[in-house]
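I opened the model today to look up a few things. My notes follow the order in which I checked them.

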Amino acid sequence: MKLPSHDAAARDIPEDRSRRVVLPRRTPKAPLRQVARRLLMALLVLVATVFIVWIDRDQYHDNAGGTVDLLDCVYYATVTLSTTGYGDIVPYGATARLLNILLITPLRVLFLIILVGTTLEVLTERTREQWQLKRWRNALRDHTVIVGFGTKGRSAVQTLCATGLTRDRIVIVDPSPKVIESAVAEGFAGVVGDATRSDVLLRAEIQRARQVVIATQRDDTAVLVSLTARQLNKKANIVAAVREEENAPLLRQSGADAVITSASAAGRLLGLSVHSPSAGAVMEDLIQQGSGLDLVERPVVKAEVGRSVRETDDLIVSVLRGHRLIGYDDPAASPLQSADRLITIVRAATPEEPDAAGKSGGRPARPKFPGGGISPMRRVDE
């Protein structure tokens with residue numbers, strides 16, 4: 001059974017919401033809750049004013065004649081707080097006038113502040129958002145754009161954050177407003193809209209992005225997004241995921257630097273786990289950054305230049321020389337050159353190693369390789 005496309009949700013979004021940028025807020029509050037709270041404050045001020053007039057009602061004069069009852073107190077409080085002042089009910093006693101000066105006048109000012117403050121907040125909210133958006137755009141450089149925040153997109157974000165990328169350097173693009181709200185609640189900036197449109201990607205500042213991760217639900221959508229992204233940014237590293245392996249060459253032709261076939265990769269991992277559960281567990285550990293063993297790419301350090309692959313401290317899997325990927329057992333991999341990059345298996349770094357008593361706070365962890373942020377794995381013979 002074919003499920004409805006998640007990307008089709010972009011067609012159901014109103015025009016004014018289909019291509020907007022949503023920045024994360026520190027303390028998001030519901031608008032209705034804010035209005036209800038201010039109305040409650042205004043009501044409390046009104047009740048307090050009615051009570052003050054009621055307890056001193058004998059010193060008020062009504063031009064219509066008769067005594068001042070509860071309805072008259074409510075009427076006087078409403079007219080007074082709204083600064084209308086018809087003058088039909090006035091305080092004539094010294095105590096009533098003193099209470100008006102010391103209590104009712106401050107309450108009137110507080111009432112006006114509540115009303116005017118609510119109005120000004122509504123009027124200035126849009127200006128504040130535009131100012132924050134402009135400042136965000138000016139500061140955004142070399143960031144990562146994630147297209148699609150489903151299962152694949154979330155996993156990609158978790159891996160990027162585990163490797164040291166901060167949340168303010170990630171922009172999420174998704175056609176669903178609810179998905180973007182969820183991303184904003186987690187501290188990411190989000191753009192609501194269809195990523196196949198260039199204006200949507202431009203709102204994510206893709207022209208200044210360093211990396212683009214395409215994790216859409218449909219392969220045809222991924223191809224269109226890749227074409228649009230490559231047209232807007234010729235230098236960005238674009239990584240995309242596809243469901244069907246036959247669509248991978250098409251996605252590479254559309255501009256993607258790397259293509260991951262999600263269905264085939266999961267199937268291979270399942271087959272490996274059936275044949276060798278331990279090997280499957282190791283592979284699962286390698287692709288999960290931040291715990292156990294990590295598979296990372298790092299540059300060659302100065303002390304390793306001229307050495308063979310087996311003389312390094314790490315377990316080297318492959319050597320990237322230019323655009324050529326050389327296996328560790330290939331004689332061409334040695335000696336190492338300064339421009340090479342190494343694909344290595346390392347152990348995830350810990351903030352600090354335990355002391356003799358087994359508590360943290362002992363000697364610091366081993367030095368980290370430049371750009372890796374991960375402690376090396378030592379060989380057994382060391």
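I take helices (H or I, at least four residues) and strands (E, at least two) as DSSP runs, numbered from the N terminus. This is a predicted model, where local features need pLDDT of at least 70, side-chain atom pairs count only at pLDDT 80 or more, and totals for chains, interfaces and linings use all residues. Residues are numbered from 1 along each chain as its sequence is written, and side-chain values use heavy atoms, with hydrogens and water left out.

I checked UniProt, where an unreviewed entry lists residues 35-55 and 101-124 as "transmembrane region". Such annotations may be inferred rather than shown by experiment. I found residues 35-55 to be 100% helix and 0% strand. The end C-alpha atoms of that span lie 31 Å apart.

**Salt bridges.** I counted a side-chain nitrogen of Lys or Arg within 4 Å of a carboxyl oxygen of Asp or Glu. The count comes to 10. I looked at arginine 298 and glutamate 304, which pair at 2.9 Å, N to O. Both are buried (under 20% relative accessible area; exposed is over 50%, partly exposed in between; 1.4 Å probe, protein chains only).

I then turned to arginine 321 and aspartate 340, whose closest N and O atoms are 2.8 Å apart. Arginine 321 lies in strand E11 and aspartate 340 in the loop between strands E12 and E13, so this pair ties together parts 19 residues apart in sequence. Arginine 321 and aspartate 340 are both buried. I also noted one network, in which salt bridges with shared partners join Arg137, Glu205 and Arg208.
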